[in-house]
Amino acid sequence: MDADVAAVLRCPACRNALSLHDRTARCPSGHTYDLAKQGYLNLLPSASNGIEGDSAGMVGARTVFLGSGHYAPIRDALILHADLGENDVVVEVGAGTGYYLAGVLGLAPQRRGIALDVSKYAARRAAKVDPRIGSVVCDAWRELPLLDDSAQLMLNVFAPRNAAEMARVLAPDGRLLVVTPNQNHLAELIDVLGMVSVDEEKERRLQESLAGEFDRAGNEVIEESMRLDRSAVEQLVLMTPSARHLNYRELLQRIAVLPEPAMVTLSVTLSTWRPRRGR
């Protein structure tokens with residue numbers, strides 16, 4: 001993390017701006033936060049200690065699966081809708097490995113990105129994916145450790161949504177891009193492998209969660225068929241919340257009966273939102 005990236009961060013204790021000196025972030029009130037040796041900054045409030053983020057195994061599986069390009073259509077759609085200036089700041093809430101954020105930053109050297117995630121394992125990966133990205137451990141359900149109006153774009157891909165905080169951090173003319181799964185997303189695997197299914201009320205809950213702070217500005221459905229060998233199916237399952245409740249040996253037995261390659265549906269909705277106060 002460099003000083004320019006850290007300049008949009010704020011202290012979780014007093015809300016003052018942070019500045020990075022060597023490997024320590026400081027605020028005017030004297031609070032200090034040291035960069036971890038892996039390059040991320042832990043700004044998780046003490047009250048949030050003990051909350052469960054993605055495990056090392058889940059993050060490792062996500063790195064392998066995303067690196068194989070199976071979710072590239074999602075990243076490509078985010079890039080298409082980003083519409084960024086040369087010096088803009090992009091924040092991703094629930095950034096995981098930083099795969100989508102790095103893609104959206106593109107080739108503009110002056111753009112900066114902030115990857116927010118509660119998982120230290122994810123933060124370690126995101127810290128190394130692109131030098132323009134600052135990786136921060138935080139709790140998305142609490143105040144985000146970012147200055148008001150500091151981001152021109154926010155990304156939220158299969159991640160928690162704290163509407164009030166995202167609206168606060170976005171510039172008045174900024175935009176929020178949200179990716180949510182549709183009912184037939186991974187439909188060929190859900191029942192066969194015992195994965196968590198998509199909530200039928202997901203669209204309604206999305207609207208309700210953002211309606212107080214944002215207005216919807218657009219929708220795009222992204223749907224493709226993925227050709228996945230059994231190894232890719234395994235990594236896909238292990239990177240999702242389903243990994244927390246499935247028995248690994250039983251999972252492998254179920255995967256073994258799948259055709260190879262298996263044709264699996266990728267189906268998500270990319271929605272664009274604008275903060276109401278920016279109207």
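The model is predicted: local features need pLDDT of at least 70, side-chain atom pairs count only at pLDDT 80 or more, and totals for chains, interfaces and linings use all residues. Residues are numbered from 1 along each chain as its sequence is written, and side-chain values use heavy atoms, without hydrogens and water.

The two helices (DSSP runs of H or I, at least four residues) pack at an angle of about 135°, with axes 8 Å apart. Axes are lines fitted to C-alpha atoms over the stretch in contact, and angles run from 0 to 180 degrees between N-to-C directions.

| Helix | Residues | Residues in the contact (heavy atoms within 4.5 Å) |
|---|---|---|
| α2 | 56-67 | Met58, Ala61, Val64, Phe65 |
| α9 | 230-238 | Ala232, Gln235, Leu236, Leu238 |

Seven of these residues are nonpolar (Ala, Val, Leu, Ile, Met, Phe, Trp, Tyr, Cys or Pro), one is polar and none is charged (Asp, Glu, Lys or Arg).

Eight strands (DSSP runs of E, at least two residues) form an open sheet with mixed pairing, in the order β4-β7-β6-β5-β8-β9-β11-β10. Strands count as paired if DSSP finds at least two bridges between them. Because β4 (41-42) and β10 (214-228) each have a single partner strand, one side of each lacks a neighbour in the sheet. Helix α8 (residues 202-210) packs on the sheet and touches β9 (170-181), β10 and β11 (262-275). The direction of α8 makes about 165° with that of β9. Two bridges join β4 to the parallel strand β7 (residues 133-137), and Asn42 stands opposite Val137 in β7.
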